[in-house]
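Dear colleague,

I am passing on a structure that you have not worked with before. Please look through the sequence and the model first, and then read the notes that follow.

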Amino acid sequence: MSQKFYSDDLNDEAREEVEKNKIFAMLAYLLFFLPLIACPSSSFGRYHANQGLIVLICCVILSIVQIIPFVGQIVFLGGGICMFVLILMGIGNAAQGKMVPLPVIGQFHLIRY
């Protein structure tokens, strides 16, 4: 189920879908539900919404871990930096028209696309 869209290797219809929904896919890493509302039939948008949701869940888990004295704050700091990098990678993939799973967390699928 891990298909990869590259805007150069697509037929005209798929390339048009990617170009039309690219902004919503990029914003999915800040507001994961945005592509689900703006372009619910786009598999490209739904893919990036799924990736954004996984990143959000990881950020919530890191926030809960932060409660643990000392160790939790170190884990939160390191994890926060990792989440920031993953968000930038996801936005970059969406901007390039790619459906590439994010490292470590990208294999989880919560939203069907």
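In this predicted model, helices α3 and α4 are roughly antiparallel to each other, because their axes cross at roughly 170 degrees and angles over 145 degrees count as such. The two axes come within 9 Å, with α3 covering residues 43–65 and α4 covering residues 71–95. Among the residues that meet across this pair are Phe-44, Val-55, Cys-58 and Leu-62 from α3, and Val-75, Gly-79, Met-83 and Ile-87 from α4. The residues of this contact divide into 11 nonpolar and 7 polar, with no charged residue.

The largest nonpolar core has 10 residues, including Tyr-29, Ile-54, Val-55, Met-83, Leu-86, Leu-102 and Ile-105. The elements that give two or more residues to this core are α3 and α4, and α3 gives the most, with 4 residues. Leu-102, a member of this core, is in contact with Tyr-29, Gln-51, Val-55, Leu-86, Met-89, Gly-90 and Asn-93, if its neighbours within four places in sequence are left aside. There is also a second, separate core of 7 residues, which includes Val-18, Phe-44, Ala-94 and Met-99.

As for the chain as a whole, its secondary structure comes to 4 helices and 0 strands, and its C-alpha trace spans about 55 × 25 × 25 Å along the principal axes. Of its 113 residues, 37% count as buried, while the chain exposes about 6,700 Å², of which carbon and sulfur atoms supply 69%.

With best regards

Conventions: Residues are numbered from 1 along each chain as its sequence is written. This is a predicted model: local features need pLDDT of at least 70, side-chain atom pairs count only at pLDDT 80 or more; totals for chains, interfaces and linings use all residues. Side-chain values use heavy atoms; hydrogens and water are left out. Axes are lines fitted to C-alpha atoms, for helices over the stretch in contact, and angles run from 0 to 180 degrees between N-to-C directions. Angles under 35 degrees count as roughly parallel, over 145 as roughly antiparallel, 65 to 115 as roughly perpendicular and the rest as oblique. Contact means heavy atoms within 4.5 Å. Ala, Val, Leu, Ile, Met, Phe, Trp, Tyr, Cys and Pro count as nonpolar, Asp, Glu, Lys and Arg as charged, and the others, Gly among them, as polar. A nonpolar core is a set of buried Ala, Val, Leu, Ile, Met, Phe, Trp, Tyr and Cys residues joined through side-chain atoms within 4.5 Å. Buried means under 20% relative accessible area, exposed over 50%, partly exposed in between (1.4 Å probe, protein chains only). Accessible areas come from the Shrake-Rupley method with a 1.4 Å probe; for residues, only the protein chains shown count as cover.
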